[in-house]
Amino acid sequence: MIVAGKVLGTFSAPEGVSGMPRPRAESLKMVAGYGIEGDKYAGGPEYKTVMIVGDLPYKMAKEELGVEMEEGSLGENILLDFDPHEFAPGTLFRIGKAKIQIVDSCTLCKHLAVFHPKLPRLIRDRRGLYCRIISDGEIRIGDTVLWEGREL
């Protein structure tokens, strides 16, 4: 296993909560085949229950558009200190005892235009990645993210 980076933030949207930024969570309890315990998207399509985002789109928004967004504004569950888009679908990460797998890129979200009209296009290739949970575990801010290779 190789260290890919660290967790900068954890976020979850409980039932009845909508809009962005997603509420910050002290930790995330990952449940394989279900999602994040207590999150309104848990139990939905397995491949869309977790979204990871690197800190790069936040930096791009600030540097190129002068827009400072609160973490969680991209709808992520896990904010990372590296760019997960450098890894292909099928990539496995271990964070704490949990293991997640990149499944697909998140689509461009027009609601991001509320921050700046040019933001959706600027970060379209860094918007986030959907992951499925392979094994249960808790994820906390500061946890090391280990790259475990790729599996299709």
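The chain holds two helices and 10 strands. Helices (H or I, at least four residues) and strands (E, at least two) are DSSP runs, numbered from the N terminus. In sequence order the pattern is β-β-β-β-α-β-β-β-α-β-β-β. The radius of gyration is 14 Å, close to the 15 Å that the globule rule gives for 152 residues, so the chain is as compact as a globular protein of that length. That radius is taken over C-alpha atoms, and the globule rule is 2.2 Å times the number of residues to the power 0.38.

This is a predicted model, in which local features need pLDDT of at least 70, side-chain atom pairs count only at pLDDT 80 or more, and totals for chains, interfaces and linings use all residues. Residues are numbered from 1 along each chain as its sequence is written, and side-chain values use heavy atoms, with hydrogens and water left out.

**Overall dimensions and packing**

- Along the principal axes, the C-alpha atoms fill a box of roughly 40 × 35 × 25 Å.
- Of the 152 residues, 44% count as buried (under 20% relative accessible area; exposed is over 50%, partly exposed in between; 1.4 Å probe, protein chains only).
- Contact means heavy atoms within 4.5 Å. Among contacts between residues at least 6 apart in sequence, 73% join residues at least 24 apart.
- The accessible surface comes to about 7700 Å², and carbon and sulfur atoms account for 50% of it. Areas come from the Shrake-Rupley method with a 1.4 Å probe; for residues, only the protein chains shown count as cover.

**Largest pocket**

- The largest pocket contains about 320 Å³ of space.
- Its lining has 21 residues, and those closest to the centre are Arg-22, Tyr-41, Lys-48, Gly-75 and Tyr-130.
- By class, the lining has 10 nonpolar, six polar and five charged residues. Ala, Val, Leu, Ile, Met, Phe, Trp, Tyr, Cys and Pro count as nonpolar, Asp, Glu, Lys and Arg as charged, and the others, Gly among them, as polar.
- The search uses a 1 Å grid over the protein atoms alone: a cavity is a set of points where a 1.4 Å probe fits but cannot get out, while a pocket is an open set with protein on both sides within 12 Å along at least five of seven lines. Lining residues have an atom within 4 Å of a point.
- Grid points are joined across faces, edges and corners, and a volume is the space filled by probe spheres set on the points.

**Met-30 and Gly-35**

- Met-30 sits in strand 2 (residues 27-31) and is buried, at 1% relative accessible area.
- Beyond four places in sequence, Met-30 touches residues including Gly-35, Val-50, Ile-78, Ala-98 and Ile-139.
- Gly-35 belongs to strand 3 and is buried, with a relative accessible area of 1%.
- Leaving aside neighbours within four places, Gly-35 is in contact with Lys-29, Met-30, Ala-42, Thr-49 and Ile-133.
- Gly-35 and Val-114 are 79 residues apart in sequence and 28 Å apart, C-alpha to C-alpha.

**Gly-38**

- Gly-38 occupies the loop between strand 3 (35-36) and strand 4 (50-54).
- Outside four places in sequence, the contacts of Gly-38 are Ser-12, Ala-13, Pro-14 and Glu-15.
- The C-alpha atoms of Gly-38 and Pro-14 are separated by 5.8 Å, at 24 residues apart along the chain.

**Glu-148**

- Glu-148 lies in strand 10 (residues 144-150) and counts as partly exposed, at 24% relative accessibility.
- Leu-92 is 56 residues from Glu-148 in sequence, yet 5.2 Å away in space, C-alpha to C-alpha.
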